[in-house]
Amino acid sequence: RACCIKYSVIFRSVLPKEILIHQFPIIMRHLSSSSIVVHTYASHFIERLLTVRATGSVTMVTSNDLLPHAESLLSTLFNVIRGDDENEYAIRCIMRTLSLLNRVIEPSLIRSVSAQLIRKLEIVAANPMKPNFNHYLFECLALTSRSTHRGEMNDRDNLQFIESTLFPVVDIILQRD
């Protein structure tokens, strides 16, 4: 399975969009694999797929393509990084997903994602091991905060939720150092 996913990662830019979109739910199922190699390659494939450009500066996979899978994708990715696991590919995939869904993500999903990210920050802050993972974790937190500002439609409830749960954790981190 890992070799098949690796093949898709390597040839993602030459495969037609229809095949890649068809592969997307299949690869998503591999995120819940018990094999670290398989779910890491699956995370890497999805993250790289979200960066493939069509013509110009538009990504091949649009937010409308990703939106139907967003909630299940994010929950599965958070299962990959549960507990003490710090899979850099999974957190990068979360970051790319949030970045692509920035304007269309549901407010309830923003709250859920930010709560999980903040819980992960608390765990990571106790024993920071992987600087790249930490970097992408903070990028994800910034994206959730940014997604509460959607032009004229501001989501003040989610922004206040993020601030009220994130700032105490940041205060603890700053007091330790």
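Guide: Contact means heavy atoms within 4.5 Å. Leaving aside its neighbours within four places in sequence, Phe-45 is in contact with Ile-5, Ser-8, Val-9, Leu-20, Gln-23 and Ile-27. This is a predicted model, in which local features need pLDDT of at least 70, side-chain atom pairs count only at pLDDT 80 or more, and totals for chains, interfaces and linings use all residues. Residues are numbered from 1 along each chain as its sequence is written, and side-chain values use heavy atoms, with hydrogens and water left out.

Visitor: Which residues of the largest nonpolar core touch the most other members?

Guide: A nonpolar core is a set of buried Ala, Val, Leu, Ile, Met, Phe, Trp, Tyr and Cys residues joined through side-chain atoms within 4.5 Å. The largest one has 53 residues, and those touching the most other members are Phe-45, Ile-46, Leu-73, Ile-91, Ile-94, Leu-98 and Leu-117. Among the elements giving two or more residues to this core are helix 1 (2–10), helix 3 (36–49) and helix 8 (131–146). Helix 7 gives the largest share, 8 residues. Helices here are DSSP runs (H or I, at least four residues), numbered from the N terminus.

Visitor: Why is Ser-114 called buried?

Guide: Buried means under 20% relative accessible area, exposed means over 50%, and partly exposed lies in between (1.4 Å probe, protein chains only). Ser-114 has 0% relative accessibility, so Ser-114 counts as buried. Ser-114 lies in helix 7. Beyond its neighbours within four places in sequence, Ser-114 is in contact with Leu-141, Thr-144, Phe-161 and Ile-162.

Visitor: What makes Ser-112 count as partly exposed?

Guide: Ser-112 is in helix 7 too. Its relative accessibility is 32%, and therefore Ser-112 counts as partly exposed. Between the C-alpha atoms of Ser-112 and Thr-165, which are 53 residues apart along the chain, the separation is 12 Å.

Visitor: Is His-44 buried or exposed?

Guide: At 17% relative accessibility, His-44 counts as buried. His-44 belongs to helix 3 and touches Val-9, Tyr-89 and Arg-92, not counting residues up to four places away in sequence.

Visitor: Why is helix 7 called roughly parallel to helix 9?

Guide: Axes are lines fitted to C-alpha atoms, for helices over the stretch in contact, and angles run from 0 to 180 degrees between N-to-C directions. The axes of helix 7 (residues 107–126) and helix 9 (residues 156–176) come within 10 Å and cross at roughly 5 degrees. That makes the two helices roughly parallel, a label for angles under 35 degrees; over 145 counts as roughly antiparallel, 65 to 115 as roughly perpendicular and the rest as oblique. Residues meeting there include Ile-110 and Ile-118 in helix 7, and Phe-161 and Val-169 in helix 9.

Visitor: How do you know that Cys-93 is in no disulfide?

Guide: A disulfide is a pair of cysteine sulfur atoms within 2.5 Å. A search of the whole structure finds 0 disulfides. For Cys-93, the nearest cysteine sulfur is that of Cys-140, 9.6 Å away. Cys-93 has 0% relative accessibility, so Cys-93 counts as buried. Cys-140 is in no disulfide either, and Cys-140 is buried, with a relative accessible area of 0%.

Visitor: Which residues of helix 5 are buried, and what do they pack against?

Guide: The buried residues of helix 5 are Ala-70, Leu-73, Leu-74, Thr-76, Leu-77, Phe-78 and Val-80. They pack against helix 2, helix 3, helix 4 (63–66), helix 6 and helix 7.
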